[in-house]
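Reader: Before I use this model, I would like the labels set against their definitions.

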Amino acid sequence: MTAPAPSPARPAVELRGVHKWYGDFHALRGVDLSVAAGERIVICGPSGSGKSTLIRCVNQLERHQAGSVVVDGEEATPDPRRLQAIRRKAGMVFQGFNLFPHLTVLQNCALAPVQSGAAGPAEAEALALSLLARVRVADQAHKHPAQLSGGQQQRVAIARALCMQPKIMLFDEPTSALDPEMVKEVLDTMIELAREGMTMLAVTHEMGFARQVADRVVFMDQGQILEAAAPGDFFDRPQHARTRAFLGQLLH
């Protein structure tokens, strides 16, 4: 199944002069980022640099306080209809799996399409089963999340996000809560999505994934984008001293 593409005439995601404060803490400081349809962006940087805040502003789980956020032509405003439209376009996978423990895997995946009115129960279940097969956990459909490994739960979380048929997928450190042996199965699922043309923004420290999949790697520090480059340039010829220091700690 090929990912639905945002309109080629406009960016899939465009942030212009985005600022975000938490009280006195200035989490995002005038961030500009334009993501083309089908582009794969990996965002990295030290803890507290604003990475997760940035992608949470894309689907408005965090509301920016200045600047503009536009998702596939839809500008983020407090209007609930706008927020709903943006969240349909931009699926989110979190560090924690956030699955409902009292529902089966199938019920977790079918819930949002039914509640949003995007599909009836039978249609939603059929879609969920096809997407669970796509991420190779269809045989777990009738189990509850606690019966699955962490890697399986995260793949279910990816299938659940895909059930809303988003144009853009946002990943917020999706492997950081997993045991090392489970990381590869989640990254392999993300790699398959990327190969199918899904527009992706992924916050991750998995630099092998960045080298293999990213069109651009974005480095953030203190709420700003300091560098953005193709993986070859980013890893082999970083321009900013802070990027070089970060990579020196991460890769050695």
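Reader: Which residue is the bridge partner of Cys44 in β9?

Author: In β9 the partner of Cys44 is Phe219. This is a predicted model, in which local features need pLDDT of at least 70 and side-chain atom pairs pLDDT 80 or more, while totals for chains, interfaces and linings use all residues. Residues are numbered from 1 along each chain as its sequence is written, and side-chain values use heavy atoms, without hydrogens or water.

Reader: What makes β3 and β9 a pair?

Author: Pairing takes at least two DSSP bridges between two strands, strands being DSSP runs of E with at least two residues, numbered from the N terminus. β3 and β9 (residues 216–221) have four bridges and are parallel, so they count as paired. Four bridges also join β3 to β8 (residues 199–203), again parallel, with Val42 opposite Ala202.

Reader: Why is β3 called mostly covered?

Author: Five of the five residues in β3 (residues 40–44) are buried, that is, under 20% relative accessible area with a 1.4 Å probe, protein chains only. Arg40, Val42 and Cys44 point one way, Ile41 and Ile43 the other. In a regular strand, side chains alternate between the two faces of the sheet.

Definitions and conventions: Buried means under 20% relative accessible area, exposed over 50%, partly exposed in between (1.4 Å probe, protein chains only).
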